[in-house]
Amino acid sequence: MAFSSYIGGNTRRGGGWAQSLLPTRSASPNPKSRHPRKSRKRTAIRDFIFANFFTIGLSLSLIFFFIVIYRYGIPKPFTSFRNRNAHARPLKIRKPNYRKPPGLDDRDILSGAAVDLTTKDLYDKIKFLDVNGGPWTQGWKVSYKGNEWNSEKLKIFVVPHSHNDPGWKLTVEEYYDRQSRHILDTIVETLSKDVRRKFIWEEMSYLERWWRDASEIKRESFINLVMNGQLEIVGGGWVMNDEANSHYFAIIEQMIEGNMWLNETIGVVPKNSWAIDPFGYSSTMAYLLRRMGFENMLIQRTHYELKKELALHKNLEYIWRQSWDAEETTDIFVHMMPFYSYDIPHTCGPEPAVCCQFDFARMHGFSYERCPWGEHPVEIDQENVKERALKLLDQYRKKSTLYRTSTLLVPLGDDFRYVSIDEAEAQFRNYQLLFDYINSNPSLNAEAKFGTLEDYFRTLREEADTVNYSLPGEIGSGQIGGFPSLSGDFFTYADRQQDYWSGYYVSRPFFKAVDRVLEQTLRAAEVMMAFLLGYCQRASCEKLPTGFSYKLTAARRNLALFQHHDGVTGTARDHVVEDYGTRMHTSLQDLQIFMSKAIEVLLGIRHEKSDQNPSQFEPAQVRSKYDVQPVHRGISAREGSAQSVVLFNPLGQTRDEVVMVIVNRPDVTVLDSNWTCVKSQISPELQHDKSKMFTGRHRIHWKASVPAMGLQIYYIANGFVGCEKAKPARVKIFSKSNDLPCPTPYTCSKLEGDTAEIRNQHQTLTFNVNLGLLQKISHNDGSQNVVGEEIGIYSSSGSGAYLFKPIGDAKPITQAGGQLVISEGSLMQEVYSYPKTAWDQNPISHSTRIYNGDNTIQELLIEKEYHVELLGDDFDDTELIVRYKTDIDNKRIFYSDLNGFQMTRRETYDKIPLQGNYYPMPSLAFMQGSNGQRFSVHTRQSLGVASLKNGWLEIMLDRRLVRDDGRGLGQGVMDNRPMNVIFHIIVESNISSASNPVLNPRPLSPSLFSHCVGAHLNYPLHAFIAKKPQEVSVQPPPRSFSPLAANLPCDLHIVSFKVPRPLKYSQQPSEDPRSVLILQRRHWDSSYCRRGRAQCLRFADEPINLFSMFKELAVSNARATSLNLLHEDTEMLGYREQFGDVAQEGHVLMTPMEIQAYKLDLRPHQ
C-alpha cells in the first residue's frame, strides 16, 4: 500500500523497496570469457557494414557475412514486429548456444552469468549518503532540453490500477464486501462506456470471489473487456506474493491456482507481471515467472539509493538474468518504477507536489486525503486545460529522461481505488481532456493515452527493435536489444533515511512456521491423491479422492492466500492474522483427515469405502487451535497390545532416520511390519516449565526405514515376548536449587564441573554448564570448531511490523545458574537448558541433540530446538536473537537462500546500519572460511539472519513491539505465541580447493549433504497412529507401500506430484493428461561431496525415464509444460531443446538449478 509522502500518508508503508544485497558478480574481468552479444534483427546489416569498413578485403567480409547468416539465420524485416496482432505477439527468442566443456559434468560448470550489472557491484559503488534532491527528495532536480523527442515522439501510457490487498487492515472478506466488489463493478461499468479507457487487475483471489457473485451480464462484459484489450489481467496469481519469506513451492502453487482459474474461467493466460507492493524482490521470482511463460515484469519497492543509481545511468529497465545462467535462458525484461511509492503523487514524475494535483479523486467531494503539499487537483475545463496539460506533460518528460526509450509508463492508482463510479469518472474524464489537448498539438511531440501493461511493453519492444539504445560494450540480452543485463536480488529494502524493512523477515514467526507445515502437508496429501487416482481402476475407488477435492482446493487457496505480501510477512492487523491462521488450521485438519484415510487405501486396509467412514488412524501431532503448538499424541499400549505407527516419506529417496513418538508408559517395544524387534530408546519428555520440567511422558526413538514416496508400518507393543524393551537413557541434572526430581524409570546423576559433553561417533559437543550454551564442536579427526552460542535481545523503540530499528547491539540475557538436563542414550543424546535470566517468566529454553544412526543423515548434524515465549510486558520493544560466534574466518561474508531455491552472497557493510545488514533466511544460511570450512544453519521456517562480525552468524527468533512503525498498519506486533524453532547445524570441510568468498563475488552452492539435510528438515516424515490398539497375539500380514521402481537421483527433487483437477478426473478428455510432476535438479558444491555420497548411488547427470519411474503404474501421454501448467511451447519458456521431447521416449535430462514440469497420465499396468 502506498505511503503518499514524507509529510503525509494516504494509505500505507513507505515507498521504495530495498535493494538486495550481494548477489553475484557481473562480467568476468577476462574479456575472453564474456559471452558475445546475441544477434538481433539489425545486427547482421550493421555488422556487415562495419566489417566492410574496417576489414582488409572484400573476401574476408563476404566470408564473415555468410558465417553470420549460417549461424544466426536470415534477419526478419523491421516491420514484422510492429504489424503483429497485439494479443498474439510471441516473445522473440534466439536459441542459446549451449557449451559444455568436455570431461566436466553439469554440477561443476555453473560458471555464472555474464551481465552488465550486479546488485553487489551497485552496493559496493553506492555511498548511501541520503542526499536531499529537492522536489524529488531521493533523487535530483531533473531537467531536459526539449529536443529529446524530436526524432522519436514521447509515447505516454497511463495505466489505471487499483491495489487490492487480500488482507491487511481488514480481512480478505471484509475488504471484498466493503471495497473490492464495488471496484470490480465500477471497472466493468466505466470501461464499457468508452473503448479508450483501460485498466489492469492483479489479484485472482478477489476476482474469483466477485465472479461467484456477478451476474451473467457482468461476467460477459468483463470477458469482452479482456478480449478487446481494455482490461488486462497482470500477474494473475491468487495474490501478489511476498518474495522474502515465501518458499518457492508455495509461490508456484499460488501462481498455478490463480493462472489456472483465470484460464479456465476467462480463457486468458497472463504474460506481464505487476508487483508494486512486495517489500523487496527475489531473483527466484524472476526465474519462476520466466518458466511460466511471462515476458515482462514490473517492480517498485527497491532501496531508494539503488533506484537513484540506476536512474542516473538510465538502467531502471533491464534484463534480469539468474546468477548461474551462462546461456541467457532465464532472461526476463524488468521495468523498475523510479520513485518513492506507487501512488499517484509518486508516479507521474519526480515532483509529488505537482503529480498530486492530477489525482482527481482528491478533489472536494471524495473521501480521500487532500494533497499534503497544499496544491490540490481541480476539474479540467477549456479554461485551464492548456496550463494543466503542459504542467502534467512537463512531469512526463522529466520522468522519461530517467529511461532510455521514448515510451513512458505512468501508473494511475493506489490502494483500493476506483471504488465508485463517480471516482472512476473523475479520473477518466479529466485525463481524457488532458490527453486530447496533448495529442492535438503536434508541436509537443507527445502522444498520451490510457493503456495496459501489454500496451506499454509491446510499444517499448517495437521501439527497441528499431532504435538502438545499447551502450558501447554492453552485454545486454539476445531477447531484446538496448538494455543492460542484471543479476542479483533486491533485499534489504529501505524506503527513506535508515528505515530498513528487515523486521518483517521475523514478524509473527509462529505463523511463518504454520505456513511451512501447511506447505509440506499439502504436498504430501497431493502425492497421496495422485497415487490413489493412479492406482484406481474403477469409479468406486475415486470416491475418496474426488470427494475431498473441494477441501483440497480450499487448502491450496488458503496456502496461496497466506503468501500475500501482508500474510506470510506478519504485517497484518491482529484479527486479520487470526483469519489467516484459522484458514490454515482448518486446511491442516482437513488434509490430515484425508491422509489418514488415504494411507488405509494405499496399504490395502480400506477398500472402496466412502469418504464418510472414519479413519482408523490419526496424526501423531494434533493442534487444538489455530494459534497453539501441536501436541504429540501419547501412545498407551496396555499389556498384550500394540499400536500401529504409519510413516509416510514424501521424498523421492528411501529414508533411514531416527524417529520419535510419545508414549505414556516406558515399558514398550518397537516392532517392524514383519513383527521383528527393533532397537529403541526412551527418554523423558521435557517442557518449558521451571517448576515441572518433566511431563511424566516419554519419548521413544528408533531407526526407521521408509521407501521413497512410500509408507511403512511399525508397532509400539507392550508385552511382546522375545524383544528387549526400549532402553532408558541415562539422565544427568544440573540445578542450583536441587529441586528437579528424577523421573521413573531413569537413573539420574548430578552433573559436576563447569563443562559437559555429549558425543557420537562423529562429533563431541561441549557445553558451558553454568550458562547452558554450546561452546565448541570436536570432530573425530581431531579438529575443533568454536561455536560460542549466545542468546541476546535487542532493545528498540522504532521497530514495528515492517521495520527493524535497534538501539545499539543485542545484549546477552543468560546468566549463570540455570538448569540443565542431559539425556544420554544409544540413539539420541540431548542437552536441555532452561537458562537463568533477569525475568521470572523465561523467554527461552532450548535443546541440543545429536543422533546415532548408521547411514542416517542425522548422525552428522546437530539439532537445535529453541522454545520461545516472548510474552508479557517485560518483553515490550524487544527482539530475541541467537548468535553463533564461531572461529570461521568469513570476513562478514555469508550466504543465505532465496525462497528455498537458490543461494545468494551477502556481505556486511559499515556504510549502512545494522538493520540494513539483516537478510531473509527462508531455509538456509552458511558461512565459509578462507580454509574452505563451512558452518551451515538450516531452518524449517523463514527468519532473519546477519553476520555482523567476523565468524558470527546471528538469527532473529521473535520480536515483540508496542509501536506502529509509520507504514500504515496502525499497530505494533504484540500477539506473540509460544513456539518452537528448529535448526539443523552442520560443519563441513572441503576435500578440494575452495573458492575464497572474499575474492569470489558469486553465490556458492550448498553441498549435496547440506541439500539432503534441508530436504529432511523441510519435508519431514508424516506419522499417523492407530486410534485403537490391537492384540499382539493377532499379527496382521506385513504391509507397506513402495511406489517408485527405484530411488530418484540424490540431486533430483520432486517439487510437486499432483492431480490439478481431481473432481474432473474421470471427465477429462483422454488426450489431456490428468497428473502433473514437477522436478528440480539441485546444484551442489562437489568440493564437499563425501558425506552426501555416503548414501548416494545415482545423480541426475544421466536421463531418468518417466515411463519406468513407478511400480505397477504405466505412464503415458507425457508432455513438457510450463510451471503454471499452461504453456507447452518449451522454447518460449527458455528451456533446452530436449525438454520438449519427453513424450516420445519419456527421458528427462535436466541441467542443475532447473525446475521442469510434466503433464502425464497414470494407469495401473494391465
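What is the mean pLDDT of the protein, and what percentage of its residues reach 70 or more? The mean pLDDT (the predictor's confidence in each residue, from 0 to 100) is 90, and 89% of the residues reach 70 or more. Over residues 4–11 the pLDDT is below 50, although this stretch has 38 contacts in the model beyond near neighbours in sequence, a contact meaning heavy atoms within 4.5 Å. The pLDDT is also below 50 over residues 13–51, a stretch with 186 contacts in the model beyond near neighbours in sequence.

This is a predicted model, in which local features need pLDDT of at least 70 and side-chain atom pairs count only at pLDDT 80 or more, while totals for chains, interfaces and linings use all residues. Residues are numbered from 1 along each chain as its sequence is written, and side-chain values use heavy atoms, with hydrogens and water left out.

We turn now to a sheet.

Phe491 and Thr492 are joined by a cis peptide bond with omega of about 5°, and Thr492 has its place in the loop between strand S11 (485–487) and strand S12 (494–496). A cis peptide bond also joins Thr744 and Pro745, again with omega of about 5°, and here Pro745 lies in the loop between strand S26 (730–734) and strand S27 (748–750).

Two residues with positive phi follow. Trp675, a residue other than glycine, has a positive phi near 60° and lies in the loop between strand S20 (669–672) and strand S21 (677–678). Asn855, which is not a glycine either, has a positive phi of about 60° and is found in the loop between strand S36 (844–851) and strand S37 (862–868).

Are these two residues buried or exposed? With a relative accessible area of 7%, Trp675 is buried, whereas Asn855 counts as partly exposed at 47% relative accessibility; buried means under 20% relative accessible area, exposed over 50%, and partly exposed in between, with a 1.4 Å probe and protein chains only.

Definitions and conventions:
Helices (H or I, at least four residues) and strands (E, at least two) are DSSP runs, numbered from the N terminus.
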